[in-house]
Amino acid sequence: MATSLNPSATADIVERANALFADLSFTSARRWKAAEPGRKVIGYMPIYVPREIIHAAGMLPLGIVGGGDQLEVIHGDAYYQSYICRIPRSTIELGVSGRIDFVDGMLFPSICDVIRNLSGMWKMMFPHVYSRYFDVPQNYRDDIGGNFYVNELTDLRHDLGELRGKPITDDELRESIAAYNENRRLVRDLYAFRTERPWQAPAAEVYLMVRAGLVLPVEEHSTMLREYLAAARAEERPMRDNCRIVLTGMFCEQPPLNLIKSLELSGCYVVDDDLLLVTRWLTGDVAIEGDPLQNLSLAFLHHSESTAAKYEPDQKEKGQHLVRAVKRTAAEGVIFAAPSFCDPALLERPMLQHVLKEAGIPYIAFKYAENSGQMQPIREQAGTFADSIKLWSAA
Amino acid sequence: MTTQTKVVTSRAPVKEVVKDASMVKQKAMMAAHYDRLTSAPETGDKVAATFVPGNLNELIMCFDLLNNLPEVNAIQNGLRRTSGSFVLEAEKIGHSEDVCTYVKSDLGMMAKGNIAPNGKKFPDPDVLLLSYTGCFTFMKWFELLREQYKCETIMLHTPYMGDGKITKNMIDYMVKQLKDEVIPTLERVSGVKFDIDRLREHLKQSTKAEDDLVRVLQSAKTKPSPIDAYFGGIYYIGPIFGAFRGTEDAVDYYRFLREEVEERLAKGLGPVTPDGDMGKEKYRLVVEGPPNYTSFRQFWKMFYDEGAVIVASSYTKVGGVYDFGFRHDPDKPLETLAEYCLGVYTNRSLPMRIDMLVNYINEYEADGLLINSIKSCNSFSAGQLLMMREVEKRTGKPAAFVESDLVDPRYFSAANIKNRLESYFQMIDQKRAGVDAAA
């Protein structure tokens, strides 16, 4: 077997990304803020915010996706009943425990009623922090949903301009759009590379690489992605006899890293997923020339990911994104992994399963929480799924 | 005017249930509506399914469409105790145990023949008017129904009042959706041309009924309250939240109801309960959250047995908030529909909801707040523990928290709820004793 010229390069980058992932005090974002007076950090939750506008204001967009399995939730549980998902309680924990006390603003995107209501809670619990429920249209006509969205973007641009004490210019927005276009291209390259050679870009590594983009400045993250891609391409790793699966339902509350690792260990290469969608929500480049907010709106309306938080106006299109993902990535099955009590993922699931069934694509489903500890049942289920796929393929 | 009717229920043990005249009238209206709906295949009437929050009944009627509300059907199934088997059926065919039980009751009912409360089959809807207002689940619910019925579906997106205000952008967006998408599609489906003057006429009727409803609800400011604004209130809101807002029937009903309540008020009477007139009013409460429907009477009895009356509730505002001044405005027909949708209770931010509850406790001189937290309703439930603490802090009145579900009988634990309520009433007594001692 050939060996890479620099076998430690990949490991070094992954280690750095892992350190960012594990750091629940967001030290790198704190350092970024402290490096220059007047810098501001704007937190945002899943599923999508136009990070370009935050960046254009000279601020750091900081993805807040819960506390994971290493955060002990002490205060957060006092705010939620047992039948509500885990991400809002660990996010409250991050807030109450002072871990995100350096954040100057929080955006709560339109994804579900829990995050929606959390926006109001945040206003009450942290009244001195700028806080906004970020609504997006469920109507995709330029002259209806588009106009609404452009006005919402204008309000956000205005608010962030006020926060920094200077309006955001069109040129600043264009520069930011260009920076995020490049970043999205790199994320897509990374996904394409994994699809092609999943043994050289394990799912957990890809996850950590993309996750780093939630805390790093976009330029720095793009550099990291480039370096990882070069290192991963150069490093030959053994190919396992795994099946290829698409992972879906993990677009909000994050699975433990161990869960992602467990899937591969049990025989499933993840060749596509809906983790951390904000990094590739817009599926193509956003136009640079012209009105930047209009361009962001057009990209949102016509070139954005399909997911449960969006209304699908065309019944024939329902779930087809998943079928296309399976075909594009030559996947052999789909794993539905949804956080417990997640309305979007769990309400959507039967409809997607019907579409897959019709398309003859095998699937399994399970639930998790960000602090799930027991991986054995998931390994057994995924392993059995992988075995059954191989048996069917051989038949 | 005040008459009470004893109704013999079919459920064992046989017991006479007391209903006041307005309840009997309301029941007859609902029965007539179900008959109209189930006769649609014979009469040729077309049917629009939609939701209670963001219910555009006046607009639907402009196209001669019958309004069918899946939430109301789920409630009916809860009250009749058939929802439990429907929920199980839906779970059997792949729906998660974690999601809204209204949805599962509805889908389970479809799977088991789609039988209406009158024993006849529901007609398939000709159009699903997805009025996406204040509840994420609505969007998925109608995508699920669309998959089954394969009928035209119209999305009307109501933006959320995250910042506690209605903006011009929100109104413009909604009016544009109404003009360019909702109305043209309803015209196409129904074959009826839209007439804005017809809409204005319906809106005029809505306003009259809304005035009377508010007078009924606000009668609870009197001591003793002549109504129970939660358990009784659910009967009162039935016509206006359902298929009757904008009709003469609704105007008649709310006039009748108002007169009935005013008569009770004049006589100093308390609410009518299923066991007859309530005894002495001992506790005045505000309730947040929907009730449990599968054990509705048992739940209610836990209150009236203790002399507790609900003087205001948030749940009776999910289909429209009228007691802070909003009325449908015939002079701005489309804008008023937008404003109505935007203002429904679950489309209000959490701070707005808290303001409302605090206002109720103060205005209605309540002893405290009770939250009935619903397991499968995140729109209501997420954030309620903070709401409880904030209301306690701002009013100085004690609050309590019980948990149940909408129409899933598995999540109604009578003993637990009764224990908590008894403790809560003791807490109120102690608080009063403390106040008296301090005085």
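What follows is a chat about a predicted model with chains A and B.

Colleague: What should I know before looking at this model?
Modeller: This is a predicted model: local features need pLDDT of at least 70, side-chain atom pairs count only at pLDDT 80 or more, and totals for chains, interfaces and linings use all residues. Residues are numbered from 1 along each chain as its sequence is written, while chains are lettered from A and ligands numbered from 1 in the order in which they are written.

Colleague: How many helices and strands does chain A have?
Modeller: Chain A has 14 helices and eight strands. Helices (H or I, at least four residues) and strands (E, at least two) are DSSP runs, numbered from the N terminus.

Colleague: And chain B? How many there?
Modeller: Chain B comes to 17 helices and 12 strands.

Colleague: What is the radius of gyration of chain A?
Modeller: Chain A has 21 Å, which agrees with the value near 21 Å for a compact globule of 395 residues. The radius is taken over C-alpha atoms, and the globule rule is 2.2 Å times the number of residues to the power 0.38. Along the principal axes, the C-alpha atoms of chain A fill a box of roughly 65 × 50 × 50 Å.

Colleague: What about chain B?
Modeller: For chain B, with 439 residues, the rule gives a value near 22 Å; the chain has 21 Å, which agrees. Its box, taken along the principal axes, is roughly 70 × 50 × 45 Å.

Colleague: Give me one residue. Where is A:Val41?
Modeller: A:Val41 sits in strand 1 (residues 41-44) of chain A.

Colleague: Why does A:Val41 count as buried?
Modeller: Because A:Val41 has 21 C-beta neighbours inside 10 Å. Leaving aside neighbours within four places in sequence, the contacts of A:Val41 include A:Ala29, A:Leu62 and A:Phe102. Two residues are in contact if their C-beta atoms, placed from the backbone, lie within 7 Å.

Colleague: Now one from B. Where is B:Arg410, and is B:Arg410 buried or partly exposed?
Modeller: B:Arg410 lies in the loop between strand 12 (399-404) and helix 17 (414-438) of chain B. With 13 C-beta neighbours inside 10 Å, B:Arg410 counts as partly exposed.

Colleague: Which residues touch the most other members of the largest nonpolar core?
Modeller: They are A:Leu62, A:Ile245, B:Leu129, B:Leu130, B:Val286, B:Val311 and B:Leu357, out of 264 residues in that core. A nonpolar core is a set of buried Ala, Val, Leu, Ile, Met, Phe, Trp, Tyr and Cys residues joined through C-beta atoms within 7 Å. Not counting residues up to four places away in sequence, B:Leu129 touches B:Ala48, B:Ile60 and B:Leu156, among others.

Colleague: Different topic. How do strand 9 and strand 10 of chain B run?
Modeller: Strand 9 (residues 283-288) and strand 10 of chain B run parallel, joined by five bridges. Strands pair if DSSP finds at least two bridges between them. B:Leu285 has B:Ile310 in strand 10 as its bridge partner. From strand 9 of chain B the chain crosses through helix 12 (residues 296-304) to strand 10, and this β-α-β crossover is right-handed. Right-handed here says that, with the strands pointing away from the viewer, the path from the first strand over the helix to the second runs clockwise.

Colleague: Is strand 10 of chain B covered or exposed?
Modeller: Mostly covered: six of the six residues of strand 10 (residues 308-313) of chain B are buried.

Colleague: Which strands in chain A pair over six bridges?
Modeller: Strand 7 (residues 333-339) and strand 8 (residues 363-368) of chain A do, in the parallel sense. Between them the chain passes through helix 13 (residues 343-359) of chain A, and this β-α-β crossover is right-handed.

Colleague: Last one. How many residues are in contact between the chains?
Modeller: 40 residues of chain B are in contact with 44 residues of chain A. Helix 7 of chain B supplies the largest share of chain B's side, eight residues.

Notes
Buried ≥ 20, exposed ≤ 12 C-beta atoms within 10 Å, placed from the backbone.
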